[in-house]
Amino acid sequence: MNDKLTEYSHRRFNPLTGEWVQVSPHRTKRPWQGQQETVAEDERPDYDPDCYLCPGNTRAGGAVNPDYQSTFSFKNDFGAITEDIEDFEVDNGLLQAKSERGICKVLCFSPRHNLTLPQMSVDAIVEVVQMWKNEYHELGAKPFVNHVQIFENKGEVMGCSNPHPHGQVWAQESLPDEAAKKHVHQKKYFAEKKRTLLSDYIAQELALKERVLYENEDVVVLVPYWAVWPYETMILPKNPSSRILALGFLGSIMVS
């Protein structure tokens, strides 16, 4: 069966979303004469006086960054979702809309301009993880917030507007569609099996040892069977956890 999966077009089911992913493994054999990207030389200084995120610099919105020495977070000067808006709805046949309140913050991982997260020391990364947990707790405690998403857009191809090591957090009223689908399917699976979907998935992947990239006593890092992107991994806790605040082991996922 595995031979067929690596040779012939097929669909793979994503049990987290209830959707099917089209897979065309035979396409990797086609000759490629298209564009090939060169690796960009990235030589940046520790501090850039023109960077909006470096310590002590003035941001585009006019605020001045403190002379921070480790991590630093602030409300995004140009957030995609804003908090101070009026509630409204549009219901005009097929034209519907609803206001969405939220808070967007920028999370600076380090005062150094020329680092990325995997280049930082383990102690410095632990401080970043603690910042994630603090932001999750603080924003999630707000009465109107029902979802907190912590993420990083890394690199120009992903639309990252500043090379300084940083991520973002969005806290908003509604549950985004992808998160909502995963919640529904995991809840249904647990109701039927009395086990969590991801726990069963981890057990199956560990038995196969085909897509596991890293494992320790707390987590498994793997390429999901239903992966969509060329580079896609999942970090899965071995003990079921519903939120980042329950993951006290996060420092253990750091690989030297």
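**Helix, sheet and rings**

Author: Helix H4 (residues 197-208) lies across S9, S10 and S11 and runs at about 110° to S11. Helices (H or I, at least four residues) and strands (E, at least two) are DSSP runs numbered from the N terminus; axes are lines fitted to C-alpha atoms, for helices over the stretch in contact (heavy atoms within 4.5 Å), with angles from 0 to 180 degrees between N-to-C directions. This is a predicted model: local features need pLDDT of at least 70, side-chain atom pairs count only at pLDDT 80 or more, and totals for chains, interfaces and linings use all residues. Residues are numbered from 1 along each chain as its sequence is written, and side-chain values use heavy atoms, leaving out hydrogens and water.

Reader: Why is the pair of Tyr201 and Trp226 called tilted?

Author: Rings of Phe, Tyr and Trp (its six-membered ring) pair if their centres lie within 6.5 Å; planes under 30 degrees apart count as stacked, over 60 as edge-to-face and the rest as tilted. The centres of Tyr201 and Trp226 are 4.6 Å apart and their planes stand at 40°, so the pair is tilted. Tyr201 lies in helix H4 and Trp226 in the loop between S10 and S11, so parts 25 residues apart in sequence are tied together.

Reader: What makes Phe109 buried or exposed?

Author: Buried means under 20% relative accessible area, exposed over 50%, and partly exposed in between (1.4 Å probe, protein chains only). Phe109 has 3%, so Phe109 is buried. Trp132, at 22%, counts as partly exposed.
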